[in-house]
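Please look over the structure below with its pocket, its helix packing and its backbone in mind. The briefing that follows takes these topics in turn.

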Amino acid sequence: MPHTNRKKKSARGDGGVKALEQKRVVVHTKRSEVVDDSGWTHVVDTPRTRRGTVSKNTNLQHAGDFEVNGVAFVNRTLPEIKEECQYWRNNWNKSDASTKLRTILEEKTSAGKQKISNVVVLGLGSLQIARMEGRRASCTQLGALDHILEFLLPNEKLRVAFQDPIHTDLDKEFLIGRGQYVVEDPAGFQEIGEDTLVYAIHCYGDIYRKMSESKKPAVLICTDMDNFGKFNL
């Protein structure tokens with residue numbers, strides 16, 4: 001009996017190996033086989049794109065057509081830029097926020113308008129940024145700026161200068177085509193005077209810090225300064 005038991009144990013062990021080898025080649029639903037260099041067959045799940053990895057053939061929402069300094073951008077033509085900006089501008093004009101802004105402007109200017117000689121726009125962003133939400137924000141901010149200028153200075157043609165290191169050549173072409181200007185850092189800060197309207201929405205803290213070191217503008221439209229601490233603005 002002991003000898004018989006040892007044989008049965010050995011047979012069961014061989015069968016276990018064979019069963020294990022058979023399991024290695026079973027292909028389950030929605031899975032695939034991969035044979036490695038050693039001849040082993042592995043069963044794996046259907047390949048998926050790994051988070052944080054973007055290949056040339058991956059069609060992701062934020063994947064761009066080209067990169068500059070690690071920032072992804074999409075290819076656009078000038079007519080496409082104009083069309084997208086007009087779309088978001090129309091959305092802005094129909095929004096509750098647009099109505100509220102007009103009410104605020106009317107209240108602020110009811111006692112008389114302050115003299116504005118030029119406008120400096122900081123950190124608008126790129127109209128070619130790969131993130132659709134980023135393009136929407138930039139186009140909406142541009143539409144709101146137009147709204148403000150049309151209301152405050154309807155009959156005046158002022159110098160409007162844009163400064164943002166992320167601007168592409170097409171961004172610059174688009175803005176210049178609007179009759180406005182594009183300047184490089186730090187020229188925008190140097191244009192800020194006591195009769196300047198500064199438009200700086202959702203900029204980084206160091207932008208507001210640099211602004212605080214310039215002359216105090218006549219009008220400043222920006223993010224709540226409580227988010228960045230105390231600045232002399």
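In this predicted model, α4 and α7 (205-212) each supply at least two residues of the lining of the largest pocket, and α4 gives the largest share, 4 residues. Helices here are DSSP runs of H or I with at least four residues, strands are runs of E with at least two, and both are numbered from the N terminus. Because the model is predicted, local features need pLDDT of at least 70 and side-chain atom pairs count only at pLDDT 80 or more, whereas totals for chains, interfaces and linings use all residues. Residues are numbered from 1 along each chain as its sequence is written, and side-chain values use heavy atoms, with hydrogens and water left out.

**Largest pocket**
- The largest pocket holds about 590 Å³ of space, a pocket being an open set of points, on a 1 Å grid over the protein atoms alone, where a 1.4 Å probe fits, with protein on both sides within 12 Å along at least five of seven lines; the volume is the space filled by probe spheres set on the points.
- The lining has 24 residues, of which Gly123, Gly125, Asp164, Ile166 and Tyr204 are the closest to the pocket centre; a lining residue has an atom within 4 Å of a point.
- The lining divides into 11 nonpolar, 8 polar and 5 charged residues, where Ala, Val, Leu, Ile, Met, Phe, Trp, Tyr, Cys and Pro count as nonpolar, Asp, Glu, Lys and Arg as charged, and the others, Gly among them, as polar.

**Packing of α2 with α4**
- Helix α2 (residues 78-93) and helix α4 (residues 132-152) pack at an angle of about 65°, with their axes 8 Å apart; axes are lines fitted to C-alpha atoms over the stretch in contact, and angles run from 0 to 180 degrees between N-to-C directions.
- The contact, meaning heavy atoms within 4.5 Å, includes Trp88 and Trp92 of α2 and Met132 and Leu142 of α4, and its residues divide into 7 nonpolar, 4 polar and 6 charged.

**Packing of α2 with α5**
- α2 and helix α5 (residues 169-177) pack at an angle of about 65°, with their axes 10 Å apart.
- The two helices α2 and α5 are therefore roughly perpendicular to each other, a term that covers angles of 65 to 115 degrees.
- Leu78, Ile81, Lys82 and Cys85 of α2 meet Leu170, Glu173 and Phe174 of α5, a contact with 5 nonpolar, no polar and 2 charged residues.

**Backbone**
- The peptide bond from Asp185 to Pro186 is cis, with omega near 10°, and Pro186 lies in the loop between β7 (181-182) and α6 (187-190).
- Asn69, a residue other than glycine, has a positive phi near 55° and sits in the loop between β3 (66-68) and β4 (71-73).

How values were computed: Parallel < 35°, antiparallel > 145°, perpendicular 65-115°, else oblique.
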